Amino acid sequence: MIPAKANPTMQTAKSTRGLRVKNAAIGWSFVAIAAVMIFLFYFYPMIQAFIMSLQSGRGTNLTFVGLENYARLLKDPVFLTTVKNTVIYLIIQVPIMIILALFISVLLNDKTLKFKGFFRTAIFLPCVTSLVAYSVTFKYLFGQDGIVNIMLMKMSLIAEPISWLTDPFWAKITIIAAITWRWTGYNMIFYLSALQNVDHSIYEAAKIDGASPIQTFFKITIPMLKPIILFTSITSTIGTLQLFDEVMNITAGGPGNATMTISQYIYNLSFKYTPDFGYAATVSYAIVILIVIFSIIQFKVAGDKNA
Amino acid sequence: MLKKVFGYGFLSVAAIISIFPFLWMIVSSTNKSVDVTKGRLLPGSHFMENLNNLLNTVDLVPALMNSAKISIITTILGMLIASLAGYGFEIYQSKSKDYLFNFLLLSMMIPFAALMVPLFRMFGTISQNAPFIGIDTISAVILPTVTTAFLIFFFRQSTKMFPKDILEAGRIDGLTELGVFFRIYIPTMKTTYAAAAIITFMASWNSYLWPLVVLQSPENQTIPLLISNLGSSYSPDFGVIMTAIVIATLPAALIFFIMQKHFVAGMMGSVK
C-alpha cells in the first residue's frame, strides 16, 4: 500500500508511524459521534442532576441549599413509601418471574415435546405489546367489574369481586401480575438458548445416577445457567427499579400512594406537583444508588456460589 | 407419563394466560362498550363503529404519523451512530478506546428517571435559542434517546465475528476507510442491522416517559400518549379504547411475526 522509494528502511519506519497515527485518528472519528452523544445526554445530565440535588426552589428559581435535600429525603414519608413499594415489586416479582421462565424453558427444552413452536411463540407474545397498551388493557381486565372478576366468580373461586385496583394489597398484586405477564417470555428466550448449549450427556449421566427431575433442575440446570441468570436478574432489577409506565397507567400510583414507584414520584415532583427540580434530582440519585447496591448484591450472591 | 401430563398442562396454562389478553383486546374492539363490561367474549360486529368513534374523538392519524416519524428517524440514525461506533471500537481496537468503551457502557446503569429532570431543563434552555429542537419538538424526543450504549455494545459484539480479511481486500481495491464501512461492512452485516432495527424501532414506537415529559401540545402526541390519555378518561368507551390499542399493537406484532428469527437473534446477540 505504501509506495516504496529510495532509502526503504527510513521511509517505511516513518510511514508506518504515520499510518498508525492516521489509523488511530480514523478509529477515533468512527466512535466520536456516539461518545459525544452519550456524554451529552447521559453523563452531563447526571452531573447537572447532582448540582441540582444541592439546590432547592420552585421551578427554575433554584438556590443552593447544600445537603438539605438529602436530609429531607430520609424523612419524606412519600419517598420512603415509594422505596418500599419498589423494593416489594423487586423482591417478589423478579424471583417469581425468573423461576417461572426457567421452569417453562426446561419444559420446552424437552426433545420429545410436541407443539414446541406454538408454546414458545404464545409465551413470548406479550413482549411485542407496548408497555402503555398492555397496561391499559390490564387496567380493564382487572377492573371491579372486569373480566377477571367475572371469570373468577363464574368459577366460584371468589364470592365477591376483588378490588384489584382500589385495595392497597391487591393493587400491588395486579402490578406484579402485569409485569410478570409481560416479561416472563422475554427471559424464557434467554434461558432456552442457553439450555440448547448444555450438553445432553450431563442429563443422561444424572438420570443413570438416579437423580430426580427436581434434583436435576437445582443441581445441574441452575448452576449451568448461572451467568445468564445473573444477566437477566440484573436487567430485571434495573427495569423494576425504574418502573413507571405500568404503574402510571394501571393504578396511577393509587390507592393513595400504595403502588407509587420512585420513578413516578420523580415525575410527580417535577411535572405534577409544584415543580421542585432540585428535590426531584435528589430522588433520582436514590434510584442510581439502589441500582448500584442491588447489582453488587447480585454479583456477590452469584460469586459466593462459585467458591 | 405423569411428568408428561404435568408438562403439557403447565405449558398450556401458561400459553392461555399469555394469549388471553390479546384475544380479549381483539374481541373487545369488535364489541360495544356495554357488552365489554358485561364480559362478552364473542366477537361482535361493531369494529367499524368503534373505529369511526375513535377517529372522531381523537387525532389518531396524526398520532400514528408522529410515532412513525419518530421511530423511523430514531431507528435509522441510531443504527448508523451505533454501528459506526461498534465498528470503530472493534476494528481500530486500542487500549484507550477500550477504556472509553467500558465507560460508555456505564451509561446503561443510569435510569431514565434520573435523566428526565436535567434533560427537561437542558431542552428548556435550548428552546430559548433554537425552538425547532427545543421542548415540544420531535427532535427533542429523538436526540437524547437515539444513541444507546446497548446498541453500540450489540454492534461491537457482532463485529467480532466479522471476517476482517474482506476489509483489507476493500482497502487494496482503493476504498477509503469510510468507503470500506459503507460498501463492505454494512452489506455483509444485513442480519445484524435487521435485528438492531427491530429492537430500536419497537423501543421507540413504545416509548412513553420521555415523550410524556417533552411533548406538550396535542398535535405532537404519539400513540402511547394517546392511549394513555384514552385510558385515564372518566367515562371510558371500552370498545373504542381497545380498537386504539389493537391499532397501536398491530405494527409491532406484524414486524415481530415477519422477522421473528432476527428478533430472537438480536436479543441473543446482546449476551454472547
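Colleague: A residue is buried if 20 or more other C-beta atoms, placed from the backbone, lie within 10 Å of its own, exposed if 12 or fewer, and partly exposed in between. Is Gly253(A) buried or exposed?

Modeller: This is a predicted model, in which local features need pLDDT of at least 70, side-chain atom pairs count only at pLDDT 80 or more, and totals for chains, interfaces and linings use all residues. Residues are numbered from 1 along each chain as its sequence is written, and chains are lettered from A and ligands numbered from 1 in the order written. Gly253(A) has 23 C-beta neighbours inside 10 Å, so Gly253(A) counts as buried.

Colleague: Where does Gly253(A) lie, and which residues does Gly253(A) touch, not counting those up to four places away in sequence?

Modeller: Gly253(A) lies in the loop between helix H11 (245–250) and helix H12 (262–272) of chain A (helices are DSSP runs of H or I, at least four residues, numbered from the N terminus). Its C-alpha atom is separated by 11 Å from that of Thr81(A), 172 residues apart along the chain. In contact (C-beta atoms, placed from the backbone, within 7 Å) with Gly253(A), leaving out residues up to four places away, are Val247(A), Thr259(A), Met260(A) and Gln264(A).

Colleague: Which helix gives the largest share of the side of chain B that touches chain A?

Modeller: The contact takes 67 residues from chain B and 69 residues from chain A. On the side of chain B, 13 residues, the largest share, come from residues 2–28, which form helix H1 of chain B.

Colleague: How are H1(B) and H14(B) oriented to each other?

Modeller: Helix H14 of chain B spans residues 238–258, and its axis is 8 Å from that of H1(B). Met25(B), Ile26(B) and Ser28(B) in H1(B) meet residues in H14(B) including Phe238(B) and Met242(B). The two helices pack at an angle of about 120° (roughly parallel is under 35 degrees, roughly antiparallel over 145, roughly perpendicular 65 to 115, the rest oblique). H1(B) and H14(B) are therefore oblique.

Colleague: What distance separates the centres of domain 1 and domain 2 of chain B?

Modeller: The domain assignment, automatic or from a database, gives chain B domain 1 (1–45) and domain 2 (60–269). In chain B, 9 residues of domain 1 are in contact with 7 residues of domain 2. H1 and helix H2 (33–37) of chain B are the elements giving two or more residues to the domain 1 side. Taken over C-alpha atoms, the centres of the two domains of chain B are separated by 33 Å.

Colleague: What is the corresponding value for chain A?

Modeller: Chain A is assigned domain 1 (8–53) and domain 2 (75–306). Over C-alpha atoms, the separation of their centres is 39 Å.

Key: Contact = placed C-beta atoms within 7 Å. Axes fitted to C-alpha atoms, helices over the stretch in contact; angles between N-to-C directions.
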